[in-house]
Amino acid sequence: APGDPGEPLEVDVCVVGGGLSGLTAARDLVAAGKSVVVLEGRDRAGGRVYGMTLGDGTVTEGGAEFIGPTQDRIAALAQSLGVQTFPTYNTGKNVYYRSNKRSTYATDGLLGAVPPDWGVVDLELAMTTLSGMAATITPGRPWTAAKAEEWDSQTFHTWSRLNTVSAGARFLFDAFISSTLSVRSKEVSLLYVLNYIASAGNAANAGNIDRLINTAGGGQELRITGGSQEIPLRLAAQLGDRVKLNTRVRRITLDGGPRALVESDALQVSAKRVIVAMSPQQTASIEFRPGLPASRAQLIQRFPMGSVAKFVAVYPTPFWRADGLTGQAVADSGAIDATFDNSPADGSRGLLMGFVNQTNMRRLHGKSDAEIATACLASFVKLFGAQAAAPSHYAYHLWDADPFSGGGPTGIAAPGVLTEFGEALRAPHALIHWAGTETADFWTGYMDGAVRSGERAASEVVALV
Ligand SMILES: Cc1cc2nc3c(=O)[nH]c(=O)nc-3n(C[C@H](O)[C@H](O)[C@H](O)COP(=O)(O)OP(=O)(O)OC[C@H]3O[C@@H](n4cnc5c(N)ncnc54)[C@H](O)[C@@H]3O)c2cc1C
């Protein structure tokens, strides 16, 4: 039968990866009348968009969660699927924990979401410089900037130390990188960060730092009713049996003829074009025959994922709200680096979410469930008080340990990578095209970027098949 070993399933386009980018590409191609199959290695669609189930049956985001202004493509997709949004809980003060001192601050002042640490003037001046540099970047093509070589020859850490003097500003710059990319600032190229800032917008609105980091007016402004996983799950349901789960792709063979052969654990597909829709790093899990062009083969050795986990605890009520707190915090110590209020829209239960970033994620890996819970709840207690000690349930997801993601939230580039290998991010290779949020022009690293990349990849192949 078609699909059996020896007799491949024949389609116009084979999409590899059933995350938002792959599902979006498939939707557009089906709409254009093409025959499509989506091969997904996991037992669920959605990839880095994942609904974790807590012990009481509550489903909450274990991966991507927030959307915000200028993220028009994810917003349009959500709307087309009948998925609603609601504002992230943002009433009251944020908690700031640094050098063993806990303080709270309002986010509606001049500094917005930036904590009023010593050194904020220093920070604001450097941020202005940074914004000016980011304004010279073409989103998604940072290697074309006039100063690309200079900026891609240093880490963000190097630049931030040269352009600030205070410990407070330096900590806040590191917290900016930690909370957006989940890496240390010494791991990432300045040029990469400038592109990330430039990409936090759309064709009509240039990207900026505030939109990246803010809750009100920024990328964390809205949540998805019922959880973000509703978007990929509904999209996959619309695509029906075109989406094959538990179908990890092992090899893609090009023989110089008009079709590619895609071999997976479950079936083989013969397609006129293939869209590989995942992070560059994840594409290295596939064998390409013959081998990829040198620049692409090198790129995928040089585009690692950040390290990240999310820990969520559930309480009878969102008790921090009664204390006048938003549930948002930034900390310089403890297992959890930052927090958000993850309660459902009606506030019927209190869910507190903690980001376990980079170094902390790696420290937790290999620990027992009890050790992980103890470490994360100790952070919650430090930030929000004793009531946080005894949730009725908790859940977490260690993305680094997830073989289909290898970390998160996105792929990053150290110095030298974007200027030497950046062109290979999107350049099609024979019958193979690349999607995934890392290839997006706007909102790279985000769900919106994933959708944009799927739309772009579909538009590349639609005329060719
Ligand atoms: C903890 C965390 C928090 C985040 N928070 C936010 C947020 O608040 N807002 C936001 O917009 N974004 C957020 N993101 C980022 C967002 O999740 C991603 O940008 C987006 O989901 C990426 O979609 P994608 O399709 O590009 O890749 P993925 O979702 O990674 O999809 C790739 C798919 O390919 C599959 N796959 C991999 N290898 C194979 C193989 N060999 N064969 C077959 N299938 C394979 C994977 O299982 C996966 O389903 C977060 C991510 C994480 C991890």
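Helix H1 (20–31), strand E14 (308–315) and helix H16 (447–462) each give at least two residues to the shell around the ligand in this predicted model. H16 is the top contributor, with four residues. In all, 43 residues stand around the ligand. The nearest of them are Gly17, Gly19, Gly47, Ala64 and Gly408. Sorted by class, the shell holds 18 nonpolar, 18 polar and seven charged residues.

**The domains**

| Domain | Residues |
|---|---|
| Domain 1 | 9–47 + 229–292 + 429–462 |
| Domain 2 | 85–113 + 214–224 + 306–407 |
| Domain 3 | 116–211 |

Look at how domain 1 meets domain 2. Their C-alpha centres are 33 Å apart. Seven residues of domain 1 are in contact with four residues of domain 2. On the domain 1 side, helix H9 (230–239) and helix H10 (280–283) are the elements that supply two or more residues. By class, that side has two nonpolar, three polar and two charged residues.

**The nonpolar core**

In soluble globular proteins, nonpolar side chains tend to be buried together. Here, the largest nonpolar core has 140 residues. The residues with the most contacts inside this core are Cys14, Val15, Val16, Val262, Val274 and Ile275.

Take Val15 as an example. Leaving out residues up to four places away in sequence, Val15 touches Gly22, Ala25, Ala26, Val36, Val38, Ile275 and Ala277. One of these partners, Ile275, is also on the list of residues with the most contacts inside the core.

Phe355 sits in strand E17 (residues 350–357). Is Phe355 buried or exposed? Phe355 has 22 other C-beta atoms within 10 Å, so it counts as buried. The cut-off for that label is 20 or more. Beyond residues up to four places away in sequence, Phe355 touches Ser179, Val308, Lys310, Ile336, Asp337 and Ala338.

Now turn to Trp399. This residue is in the loop between strand E18 (393–398) and helix H15 (417–421). Trp399 is buried too, because 24 other C-beta atoms lie within 10 Å. Which residues does Trp399 contact, leaving aside its neighbours within four places in sequence? They are Val308, Ala309, Ser405, Gly407 and Gly408.

**Backbone details**

Two peptide bonds deserve a look. The bond from Arg289 to Pro290 is cis, with omega near -10 degrees. Pro290 is found in the loop between strand E13 (287–289) and helix H11 (294–299). The bond from Gly408 to Pro409 is cis as well, with omega near 0 degrees. Pro409 lies in the loop between E18 and H15. Trp399 has its place in that loop too.

Ser182 is in the loop between helix H6 (167–181) and helix H7 (190–198). Ala430 is in the loop between H15 and strand E19 (432–435).

Are these two residues buried or partly exposed? Ser182 has 29 C-beta neighbours inside 10 Å, so it counts as buried. Ala430 has 14 C-beta neighbours inside 10 Å, and therefore counts as partly exposed.

Conventions: Residues are numbered from 1 along each chain as its sequence is written. This is a predicted model: local features need pLDDT of at least 70, side-chain atom pairs count only at pLDDT 80 or more; totals for chains, interfaces and linings use all residues. A residue is near a molecule or strand if its C-beta atom, placed from the backbone, lies within 6 Å of it. Ala, Val, Leu, Ile, Met, Phe, Trp, Tyr, Cys and Pro count as nonpolar, Asp, Glu, Lys and Arg as charged, and the others, Gly among them, as polar. A residue is buried if 20 or more other C-beta atoms lie within 10 Å of its own, exposed if 12 or fewer, and partly exposed in between; C-beta atoms are placed from the backbone. Two residues are in contact if their C-beta atoms, placed from the backbone, lie within 7 Å. Domain bounds come from an automatic or database domain assignment. A nonpolar core is a set of buried Ala, Val, Leu, Ile, Met, Phe, Trp, Tyr and Cys residues joined through C-beta atoms within 7 Å.
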